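Student: I would like to learn how to read the features of a protein model, one at a time. Could we begin with the charged side chains and then move on to the rings and the surface?

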Amino acid sequence: MLLLQCFVRFTLNNCLLFLSGYAADIISTVEFNYSGELLATGDKGGRVVIFQREQESKNRLLSRGEYNVYSTFQSHEPEFDYLKSLEIEEKINKIRWLPQQNAAHFLLSANDKTIKLWKISERDKRAEGYNLKDEDGRLQDQFRITTLRVPVLMPMDLMVEASPRRIFANAHTYHINSISVNSDYETYLSADDLRINLWHLEITDRSFNIVDIKPANMEELTEVITAAECHPHQCNVFVYSSSKGTIRLCDMRAAALCDRHSKFFEEPEDPSSRSFFSEIISSISDVKFSHSGRYMMTRDYLSVKVWDLNMENRPVETYQVHEYLRSKLCSLYENDCIFDKFECCWNGSDSAIMTGSYNNFFRMFDRNTRRDITLEASRENSKPRAILKPRKVCTGGKRKKDEISVDSLDFNKKILHTAWHPKENVIAVAATNNLYIFQDKMN
């Protein structure tokens, strides 16, 4: 199992100068780009902060390329739906990067209703020597111009600009919970509670509805869509999960409206373990394809499951994240923590997976050795280049020195959002309004 070393910790309060309050600072999504050189975070205040990995240098060999703030911009603003008398909050639900095609970077950011395509570009030169403008930018009298000058580009301080290139709106009646860029890099999916739409990145005024599970009578509604993702290699295949703990794989070649799935993944429930909370804790909060496209991973409240796309009746691997909370489900239901949506992620080689838990704990599972480790992201434990110590939770009996009692866990401290560098053992962990970046131990 990886020994993780605290790489560097960013606190968003220190990065942004215009935060309006504690609630707006809470990180709501974390995403590395395809190369891992950029890391984007979105928060409840509608802001996107992009971190860039510094180039390694001989003088700073130990840093191994730290991440520093590259750009900050306001992606979404609060809105009001006058027809439905509903406030649309600015919180960023998802960020997805597009592969880099030129010097600029592009990403999609979504709140509850609107998706925006942003271009992030650098400018380190400015034009000087205009004929029709003076040095202050004011227009000159054309009749006083006696010479013709050729404008020249002069160096200037590096400026990173974020500009919205497309705005995809008015296509979702319910809250957007997922966006996923297709492997053709021309289209992407967006999903809300009852529908999934297919968009073209160049077309903003229309999308194609490819899944619609809304019943004619809403009283007959039994499940909602919780997450959706495109296959990493086959642009016609996508999956979506439901609140009933099922996953449907659809092929867009079969029909324009994919209400009929191609494959249906569900693990039979053990009747002896059924309880009042069974349906709630079986709801899938995240689904992710492996990089190879052979497997997919799902996260429910208590566990992470790995599925082989060729076997629908049960998962090939199941990892218990915090089984010790099963006895606490009643109190977790009362404080609404049982409805928390934890995400999960693969490492670059699909050999390990990571997901979050409570008390600022996060769990990592090695698929080859079947070993697991619990680590904590906190200010006290995360001094630069300090090795993180494994944490253990005591469920009963005599508690050992380094263990923490399950009754002492802080359920207000939770890690819902995590991301893994696509090529290296570098991870990003969002703990409320703090962003922690860890790397594996240096030899």
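Student: Are Glu343 and Lys94 buried or exposed?

Tutor: Glu343 is buried, and so is Lys94, where buried means under 20% relative accessible area, exposed means over 50%, and partly exposed lies in between, with a 1.4 Å probe and protein chains only. Please keep in mind that this is a predicted model, in which local features need pLDDT of at least 70 and side-chain atom pairs count only at pLDDT 80 or more, while totals for chains, interfaces and linings use all residues. Residues are numbered from 1 along each chain as its sequence is written, and side-chain values use heavy atoms, with hydrogens and water left out.

Student: What do Glu343 and Lys94 form?

Tutor: Side chains of opposite charge can pair when their charged atoms come close. Glu343 and Lys94 form a salt bridge, with their closest N and O atoms 3.0 Å apart; the term asks for a side-chain nitrogen of Lys or Arg within 4 Å of a carboxyl oxygen of Asp or Glu. Glu343 lies in the loop between helix H4 (329-334) and strand S24 (344-346), and Lys94 lies in strand S8 (residues 94-97), so the pair ties together parts that are 249 residues apart in sequence. Helices (H or I, at least four residues) and strands (E, at least two) are DSSP runs, numbered from the N terminus.

Student: How many salt bridges does the count come to?

Tutor: The count comes to 22 salt bridges. One of them joins Asp251 to Arg253, with the closest N and O atoms 2.8 Å apart; here Asp251 is buried at a relative accessible area of 14%, whereas Arg253 counts as exposed at 64%. Salt bridges that share partners also join Asp25, Asp43 and Arg47 into one network.

Student: How should I read a pair of rings, and how many aromatic pairs are found in the whole structure?

Tutor: A pair of aromatic rings is described by the distance of the centres and the angle of the planes. Rings of Phe, Tyr and Trp (its six-membered ring) pair if their centres lie within 6.5 Å, and planes under 30 degrees apart count as stacked, over 60 as edge-to-face and the rest as tilted. A search of the whole structure finds 19 such pairs. Among them is the edge-to-face pair of Phe265 and Trp307, at 5.9 Å centre to centre and 75° between the planes. Because Phe265 lies in strand S19 (residues 263-265) and Trp307 in strand S22 (residues 303-308), this pair ties together parts that are 42 residues apart in sequence. Phe265 is buried, with a relative accessible area of 0%, and Trp307 counts as buried at 1%.

Student: Which residues do ring pairs link into a cluster?

Tutor: Ring pairs link Phe276, Phe277, Tyr333 and Phe339 into a cluster.

Student: Which residues form a nonpolar patch on the surface?

Tutor: Leu132, Leu139 and Ile145 form this patch, with about 290 Å² of accessible area together. Patches are made of residues with over 30% relative accessible area and no salt bridge, and they join like charges within 9 Å and nonpolar side chains (Val, Leu, Ile, Met, Phe, Trp, Tyr) within 5 Å. Accessible areas come from the Shrake-Rupley method with a 1.4 Å probe, and for residues only the protein chains shown count as cover. Leu139 is found in the loop between strand S10 (115-128) and strand S11 (152-168), and Leu139 counts as exposed because its relative accessibility is 70%.
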